[in-house]
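Student: Hey, can you walk me through this one? I'd like to start with the charged pairs.

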Amino acid sequence: MEQKDYYDILGITNDAPHKQVRDAYRKLALLHHPDRNRNNPEAAERMKAINEAYAVLSDPQKRREYDALKQTYGSAAYGQFRQTHSDQDIFRGSDIRQIFEELSRAFGFRSFEDIFRESYGAGYRTFEFRQPGAFGRVIMGGLGGGQAAGKNTPLVGFLEKLIRYGLKKKWGIELPEKGRDLQDEVVLSPDQARLGEKIQYTNRETGRQLSVTIPANTRAGQRLRLKGMGEPGRGGGEAGELYLTVNIIAVQNNLKMGDGPL
């Protein structure tokens, strides 16, 4: 496994106090924030390393475990630590969310959820629940388990269903669940596709009528995304998306030479 050092990543010494750890993270998070480096994939990877380093070093227990491994394994401590700590273990209980939200409010960046979905996979989601005698945050998908970004393995899907069932049965808590995405086709004339215009569209599955804006220079086979126009979510979850595949059909002129109004 690649050798890293969490202290080097944050640019601090091994005996840095908690405030210095947090200040170093805030400075680096602002510098490498994805919204300031949209065309720099290296910045995104750097941001992930910074997040991980801070999540470990800001937690007293994880930091003690990491320091003990450094004493024993030296520069190989990172590999030893990652053998026993998944992404979920590392980020559990971290205040990274709070820091990201502070940066979002101060500089107009995207939210914590948007950034972490982009960095760790489309399946990454967090849910908070508050009930009399019960409070917590659940992380599902995306992080941990060695799964590829955006993939949802059968095991992950089963565990998510199990967590949902347990929370609902024991405390009556229904976690938000996004609605299903819908797929359909929209037929345009060449002029509509080239010039763009607003058209009326009726979804074949739901019968819902929508006004859809067609961008100029739309191509055949292009997919148009209508956010929140899929199936409704459950438990307060957001609605799914509606994806329309463009089909361009030329309008045939059936008039022959000499035909037409007199």
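Tutor: Asp59 and Lys62 form one, with the closest N and O atoms 3.3 Å apart. Keep in mind that this is a predicted model, where local features need pLDDT of at least 70, side-chain atom pairs count only at pLDDT 80 or more, and totals for chains, interfaces and linings use all residues. Residues are numbered from 1 along each chain as its sequence is written, and side-chain values use heavy atoms, with hydrogens and water left out.

Student: Is Lys62 buried or exposed?

Tutor: Lys62 is buried, with a relative accessible area of 9%. Buried means under 20% relative accessible area, exposed over 50%, and partly exposed in between (1.4 Å probe, protein chains only).

Student: How many salt bridges does the count come to?

Tutor: The count comes to 11 salt bridges. Arg180, Glu205 and Glu231 are linked in a network of them.

Student: What does Glu52 form a salt bridge with?

Tutor: Arg82, and the closest N and O atoms are 3.1 Å apart. The pair links distant parts of the chain, with Glu52 in helix α3 and Arg82 in helix α5, 30 residues apart. Helices here are DSSP runs (H or I, at least four residues), as are strands (E, at least two), numbered from the N terminus.

Student: And how buried are Glu52 and Arg82?

Tutor: Glu52 has a relative accessible area of 10%, and Arg82 is buried too, at 19%.

Student: What else is Glu52 in contact with?

Tutor: Leaving aside neighbours within four places in sequence, Glu52 is in contact with Tyr6, Tyr78, Ile90 and Phe91, as well as Arg82. Contact means heavy atoms within 4.5 Å.

Student: Let's look at α5 then. Which residues are buried there?

Tutor: Helix α5 covers residues 77–84, and Ala77, Tyr78, Gly79, Phe81 and Arg82 are buried. Those buried residues pack against α1 (6–10), α3 (41–57), α4 (60–73) and α6 (87–91).

Student: Switching topic, what does Arg22 pair with?

Tutor: Asp95, in a salt bridge whose closest N and O atoms are 3.4 Å apart. Asp95 sits in the loop between α6 and α7 (96–107) and Arg22 in helix α2 (residues 18–32), 73 residues apart. Asp95 is partly exposed, with a relative accessible area of 23%.

Methods:
A salt bridge is a side-chain nitrogen of Lys or Arg within 4 Å of a carboxyl oxygen of Asp or Glu.
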